[in-house]
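Trainee: Could we go through this model together, with the sequence and the coordinates open beside us?

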Amino acid sequence: MTLFGYRVPMMASLIVWCAVWELVGRSGATFLIPPLSDVVVAAVALVQTGTWQAAALTTLNSFLLGMFFAIVAGIVIGVLMGRFAAADNLLGIWVNIFVSAPLSALVPVLMILFGMGETTVVVTVFLFSVWIIVLDTRAGIQGVPASLIEMGRSYGASRFALYFKIILLAALPEILAGIRLGVVRGVKGVVIGQLLVSIIGYGELFELYSRNFDMDNFWALTIILFAAAMGLSAVIESIEKRVDYYAGVR
């Protein structure tokens, strides 16, 4: 990014916002926004507590289970929709409805169906993330050139080899993009699930700190969560860049 002919680092925007946050916090304009330096100190202290570590493990377990089922189901459904017109026509409308629907409204229904435990949180993560994985996988599969598939067949590739060594590999950039977006949506799902359905894990801590107006720990928890989501997204993005050449040569 350039400004008035000078190159501005991408981190400059973040530094400016941090400075504004610190100034607003120091001004005492509102107790809801403490100084950023106090929040950072609170975050360092928070991650050393057993309460946070137990909540993080509970949240991570729900998130990983939900994402596992979402990735498996999302890729399978996306491949079916990308390869078979009948599956695309049958499932396409439902996928588009769920990807654009406010899924938070379904959480009370999930609570009735699956109870107040961790299962509901896992299902919430699944519903938040699976649809975008389906759509991106479908787009990747439909973008695989027919000539590439014909070449595989002409060399005697079995159906298994055709799918796992040609079609899925050729669609890998779009599949990874879908997983990256699904991870970000899954983080939202696990927090909403834990807040609205069963007050456990991070949801319990958010509820505790907001009820007691403990804004230092509330914002510390929020920053840790955002950092985790951005870190996961960055890891998947780096994998995407490593396989980008598939898109260039297919």
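## Helices and their packing

Mentor: Over residues 36-57 of this chain, in what is a predicted model, the content is 86% helix and 0% strand, and the end C-alpha atoms lie 26 Å apart.

Trainee: How far apart are the end C-alpha atoms over residues 120-141?

Mentor: The stretch 120-141 is one of those that UniProt, in an unreviewed entry, records as "transmembrane region". In the model that stretch is 100% helix and 0% strand, and the distance between its end C-alpha atoms is 31 Å.

Trainee: Which helices do the buried residues of H10 pack against?

Mentor: Helix H10 covers residues 201-211, and its buried residues are Gly 201, Tyr 202, Gly 203, Leu 205, Phe 206 and Tyr 209. The partners against which these buried residues pack are helix H2 (36-46), helix H3 (50-83), helix H9 (172-196) and helix H11 (215-242).

Trainee: At what angle do H9 and H10 pack, and which residues make the contact?

Mentor: Two packed helices are described by the angle between their axes and the distance between the axes. For H9 and H10 the axes are 7 Å apart and the angle is about 60°, while the crossing of H9 past H10 is right-handed. From H9 the contact draws on Val 191, Gln 194 and Leu 195, and from H10 on Gly 201, Tyr 202, Gly 203, Phe 206 and Glu 207.

Trainee: How do the residues of the contact of H9 with H10 divide into nonpolar, polar and charged?

Mentor: Gly is counted as polar here, a convention that matters when reading a contact to which Gly 201 and Gly 203 of H10 belong. With that convention, the residues of this contact divide into 4 nonpolar, 3 polar and 1 charged.

Trainee: Which element gives the largest share of the largest nonpolar core?

Mentor: This core has 52 residues, and those that touch the most other members are Leu 46, Trp 52, Phe 63, Ile 167, Tyr 202 and Leu 221. Two or more residues come from each of H2, H3, helix H6 (118-142), helix H8 (159-170), H9, H10 and H11. The largest share, 11 residues, comes from H6.

Trainee: Is Asn 217 buried or exposed, and what is its relative accessible area?

Mentor: Asn 217 lies in helix H11, and, leaving aside neighbours within four places in sequence, Asn 217 is in contact with Ala 42, Leu 46 and Tyr 209. Since buried means under 20% relative accessible area, Asn 217 counts as buried, its value being 18%.

Methods. Residues numbered from 1 in each chain as written. Predicted model: local features only at pLDDT ≥ 70, side-chain atom pairs only at ≥ 80, totals over all residues. Heavy atoms only, no water. Buried < 20%, exposed > 50% of the residue type's maximum accessible area, 1.4 Å probe, protein only. Helix = DSSP H or I, 4+ residues; strand = E, 2+ residues; numbered from the N terminus. Contact = heavy atoms within 4.5 Å. Axes fitted to C-alpha atoms, helices over the stretch in contact; angles between N-to-C directions. Left-handed = near helix turned anticlockwise from the far one by under 90°. Core = buried A, V, L, I, M, F, W, Y, C linked by side-chain atoms within 4.5 Å. UniProt positions renumbered as here; feature names shortened; annotations may be inferred.
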